[in-house]
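Please examine the structure shown below together with its sequence.

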Amino acid sequence: MVSAIWPGTAYPLGATYDGAGTNFSVFSEVADSVELCLIEKDGTEERVVLDECDGFVWHGYLPTVSPGQRYGFRVHGPWDPASGHRCDASKLLLDPYGKSFHGEFDFSQALFSYDLDANDLATGGTPPRIDSLGHTMTSVVINPFFNWASDRSPNTPYHETVIYEAHVKGMTQTHPAIPEEQRGTYAGLAHPAIIEHLKSLNVTAIELMPVHQFLHDHRLVELGLRNYWGYNSFGFFAPHHQYASNQSAGGVVGEFKTMVRSFHDAGIEVILDVVYNHTAEGNHLGPTLNFRGIDNAAYYRLLDGDPRLYKDFTGTGNSLNVRHPHTLQLIMDSLRYWVIDMHVDGFRFDLASTLARELHDVDRLSAFFDLVQQDPVISQVKLIAEPWDVGEGGYQVGNFPGLWTEWNGKYRDTVRDYWRGEPATLGEFASRLTGSSDLYEATGRRPSASINFVTAHDGFTLADLVSYNEKHNEANGEDNRDGESHNRSWNCGVEGPTDDPEILALRARQMRNIMVTLLVSQGTPMISHGDEFGRTQHGNNNVYCQDSEISWMDWTMCETNADLVTFTRRVTELRKKHPVFRRRRFFEGKPLRTGDEVRDIAWLTPSGTEMTSTEWNSGFKFVAMFLNGDAIPSPNARGERVVDDTFLLCFNAHRNPVDLIAPDASYAAHWVGALDTADPTGACDHSLSAGDTTSLPGRSVLVLRKTA
C-alpha cells in the first residue's frame, strides 16, 4: 500500500528512481484527471490519483516505490472520436517513457475501445469499457545505475566506417559457439564469437534492426508468424524484452548496456534502427495501448476534416504528429536517453521523410531537423536517414540537411543494374563509385554522406540477388503479393537452386563483383548480415514476419562458402589499409598541385586511353578507374599529408572477356595485382608494365596497384 504521495516534479517524464523513491510523470493535454496504477505480483492494482499538473504534465513522487514495480496509467477524459479524442479509463495505459515492460498482449476485446464485432464503433459510439488489466503489458520501474567502468564511444570517423546491418535474434539464433540460453539475445550478440567475426571483417559499427519495445501484430500471430523485423514500436525508451536472456526487472536494460560496453571494448560502434514515424497502435481499428488513450490528437496526425481517422505516410495505419511540441520532445528525449544512458553511437531513422512532414510536403527545414541541429548531444552522433516514406513526394535521396547521412537508394539501384547488364548505366555507375557528388556536394556534405548499400534487410540477400529474378514470398501468407516486385536482380540463367557448375560459378563471381564494388566505392559502405557467406532467404524478399530458419543466419555456411568469407575479409582489409578508397572529399578531376601531370582520378577504356563522351554513351559495360594515391587533398587527423598507393580498378560487366592494355607510363610504369574476382578468394598474380595486355574474364573486377 502507498503510504504517501508527494508532489514530485513534471520533469523528467516517465518513472525515475533516484535511489530512495520514484517520480512519475506523464503528459496529457486532453485529460481531466490521471491515475497512476501500481500493479502487484498477484495482478491486482492500487490506483493513486496524480493531483499535480503543470503544463499538462501530471506527476507525483512515491517514496516507497523501487525498481521492479510494475505500473500503468488510466486517463480520464473525453471519448469524442469526431474531435480526435479517445480517452478510455478502462484501459491500463503503458508509459510512453517506460524504460522496461513486462508481460504480453492477448489481443482480446479488452484491448480495444470499440466492439470488435461492430467496427463502426471505432469511429463513434460508446466504447464497451472492458478493463484491459491482465490483458496488456505493464511498464516497469528500472534501476538506472550501471557500472560503465571506462566505457567510451569509439567515435569512428565516417570515412573510416564500415557498417554491418544485423538482427539481434537472426544473427545469434544458430551460432554453435553461443550458449543455447543466450541465442537470440543481447548477451548472445555480445558473445566473443560474434565480435571476433565482425572484427575479422573490419566492421567498425553494427547497425541493429529495431530494438525498441515492439508489438507482434495480431494478424501475424494468428497466422503463426511474428513481427520479426520489429518495425512496430510502442516503447521508444525500452529495449525489446524478448531479446534479453534475463527478463527480470532491470535485467533487460542491464543486458543491453553490457552488450554496448562489450562492443565498445572491441572498438565497434552501436547504431540503432529507430522507428519514430509511427506506433504499434495502428489505425482507428487498432488497440489502445498508450498514446491513443493518453492524448490521441497530440501524438498522431489525424485526417484533415475527419479526425476520427489517421493520416498514414508509413503504410502502417498512423503517423506520429511531429508538429506537436510534446511529440517532438518525446522523440528528442528518447534519442538523448539512448545516447546518454545507453551509450549508443548513432541512429538510422526508418522512413525519415515522415519526420520532415510539417504539413503535407517533406520540408528539410522542419522543426525536427531544427531541434536535431541545435541539440548538443544528438547532433554529435551518427545520424542516418532512410530518405523516403510511402507518401506523395516522399522520395528525398540527397535532400537531407548537412548533419545527416543517407541510405543511398540510387547507389543500390545503379550497382544492381550495372552488374545485371542493363544498358546506359555506365555514367551513373561512375558517379556512384565516386561518392554521388550530384546528390550530396551541394549541401556541403562529404562522400561519407552516402551510405552505400546493395542489399539490406528489406529485399533480397546478396546470394538471392544473383539467384532469383522473381520474389518467392509464399511463406508470408499473402499469396506472394507482398514485397517489392522490381528487384533489379538477375538469376544468372536459372531461377533458384541449381547444380549447374557454370551458373554456380557465375553467381559466386557476381557476389564478389558486388562486394568489391561496395567496398572500393567512395562513401560509407554497409554490409547486410550474412552476405559475407552467401546467406539465402530462398527468394523471399520480405521476411518481416519470418522468425525462422528462412531469416536466421545459417552459420554452417561460413564453412560451406569459406572462399566468399575469405574474399570479403580480403577486400575489407584492402579498404582499411588504403585511404584512397575512403577519401574525405570529392574528386575534382585535376592535379593536386601546380605542375603535376596526373590528376586525382581518370576514366580509361580497355585500350588504356581516356574515355570520351561517345564511349560513355556507347552502352559498353567496361570502365577502368584510375585512383591517384598521391593526390589526396585532405590531411589526416594530425594535419599531415596523406599519401597512398595508386590503383587501377577495372570493371567488366560484359558477358565476354575484355582485353585490357595497361595505360602509358604517365599513369604508371608497372602494375601488380591486388584483387581479382575471377579467383574465389580474390587472389591475384597479375604483373603488367605500361602497354602490356591482359584479359579480363566476362563479369569480373580486377584491381591493380602501381609499383613503379
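Helices (H or I, at least four residues) and strands (E, at least two) are DSSP runs, numbered from the N terminus. With that numbering, Pro 12 is placed in the segment before strand S1 (14-17). A cis peptide bond, with omega of about 5 degrees, joins Tyr 11 and Pro 12. The model is a predicted one, in which local features need pLDDT of at least 70 and side-chain atom pairs count only at pLDDT 80 or more, while totals for chains, interfaces and linings use all residues. Residues are numbered from 1 along each chain as its sequence is written, and side-chain values use heavy atoms, with hydrogens and water left out.

Lys 99 lies over the face of Tyr 337, at 5.3 Å from the ring centre.

Contacts between rings come next. A pair of aromatic rings is described by the distance of the centres and the angle of the planes. The structure holds 41 aromatic pairs, counted for rings of Phe, Tyr and Trp (its six-membered ring) whose centres lie within 6.5 Å, with planes under 30 degrees apart counting as stacked, over 60 as edge-to-face and the rest as tilted. Tyr 186 and Phe 256 form an edge-to-face pair because their ring planes stand at 80 degrees, with the centres 5.3 Å apart. This pair links distant parts of the chain, 70 residues apart: Tyr 186 belongs to helix H2 (residues 186-189) and Phe 256 to helix H5 (residues 251-265). Tyr 186 has a relative accessible area of 0% and is therefore buried; Phe 256 is buried as well, with a relative accessible area of 0%. Another edge-to-face pair consists of Tyr 300 and Tyr 310, at 5.4 Å centre to centre and 85 degrees between the planes. Tyr 300 lies in the loop between helix H6 (291-299) and strand S17 (302-303), whereas Tyr 310 lies in strand S18 (residues 306-310). Both Tyr 300 and Tyr 310 are buried.

Two residues other than glycine have a positive phi. Ser 436 has a phi of about 60 degrees and is found in the loop between helix H10 (426-433) and helix H11 (437-440). Ser 436 is buried, with a relative accessible area of 0%. Cys 492, with phi near 65 degrees, is found in the loop between helix H12 (462-465) and H13. Its relative accessibility is 6%, so Cys 492 counts as buried.

Cys 492 also takes part in lining the largest cavity, together with residues including Arg 416, Trp 419, Arg 488, Trp 490 and Ile 514. On a 1 Å grid over the protein atoms alone, a cavity is a set of points where a 1.4 Å probe fits but cannot get out, and lining residues have an atom within 4 Å of a point. The largest cavity contains about 80 Å³ of space, a volume being the space filled by probe spheres set on the points, which are joined across faces, edges and corners. Helix H9 (409-419) and helix H13 (501-520) each supply at least two residues of this lining. The second largest cavity has a volume of about 50 Å³. Its lining includes Ile 514, Met 515 and Leu 518, and H13 and strand S23 (524-528) each supply at least two of the lining residues.

Notes
1 Å grid on protein atoms, 1.4 Å probe; cavity = no way out; pocket = protein on both sides within 12 Å on 5 of 7 lines; lining within 4 Å. Buried < 20%, exposed > 50% of the residue type's maximum accessible area, 1.4 Å probe, protein only. Lys NZ or Arg CZ within 6 Å of the ring centre and 35° of its normal.
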